[in-house]
Amino acid sequence: MMRVAEPSDFQAVCALLRLMHAEVGVLTVDEPKAQETFRAIIDSRQCLVIDNDGQIVASLGLTFGEPFWYSSDKGLIDKWFFIHPDHRGENSAQDLILTAKRMARIADVPLWVGVSSVKKTVKKMLYLEKYMTPFGGIFY
């Protein structure tokens, strides 16, 4: 079930994102900073989760702000987007993206979702291209 994360989901979101980091992370985790970020996004009601019988199996964390240095225009910007490996292919990614697009449409701002991974990067980008317009690239 797709829903907005509640404060009580904090530990489950942390566990899911630790799994994400183990799979695709490239830098060390600053645990206090990470937890502060997770809590702020959950408290702002901008963390979407897929709840499968009480287990958080996917999440998209968003922030509202200025995506670029050259503009004061606001946008909805992803901080994380992750589906538990055991639950990929269950429409979770589609549900998260379409819900985030609705949120951005309601706020009348653009949505920015990136691929921050060195694994299956092109596959992930091609998937997102089904739902969004490609914009640039980041190289590591």
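Predicted model: local features only at pLDDT ≥ 70, side-chain atom pairs only at ≥ 80, totals over all residues.
A residue counts as exposed when its relative accessible area is over 50%, and as buried when that area is under 20%.

**Stop one: aspartate 108.** Select aspartate 108 and you'll land in the loop between α3 and β5 (111–112). Is this residue buried or exposed? Its relative accessible area is 70%, so aspartate 108 is exposed. Now check its backbone: phi is positive, about 55 degrees, even though this residue isn't a glycine. Why point that out? Because most residues other than glycine have a negative phi.

**Stop two: asparagine 91.** Next, hop over to asparagine 91, in the loop between β4 and α3. Here's another non-glycine with a positive phi, this time about 70 degrees.

**Stop three: histidine 87.** Stay in the loop between β4 (75–83) and α3 (92–107), and select histidine 87. With a relative accessible area of 12%, histidine 87 falls under the 20% cut-off, so it is buried.

Which residues does histidine 87 touch, leaving aside its neighbours within four places in sequence? Show Asn52, Gln55, Val57 and Ser92: histidine 87 is in contact with each of them.

Along the chain, alanine 58 and histidine 87 are 29 residues apart, yet their C-alpha atoms are separated by 8.0 Å. Draw a distance line between those two atoms to see it for yourself.

Note on methods:
Residues numbered from 1 in each chain as written. Heavy atoms only, no water. Helix = DSSP H or I, 4+ residues; strand = E, 2+ residues; numbered from the N terminus. Buried < 20%, exposed > 50% of the residue type's maximum accessible area, 1.4 Å probe, protein only. Contact = heavy atoms within 4.5 Å.
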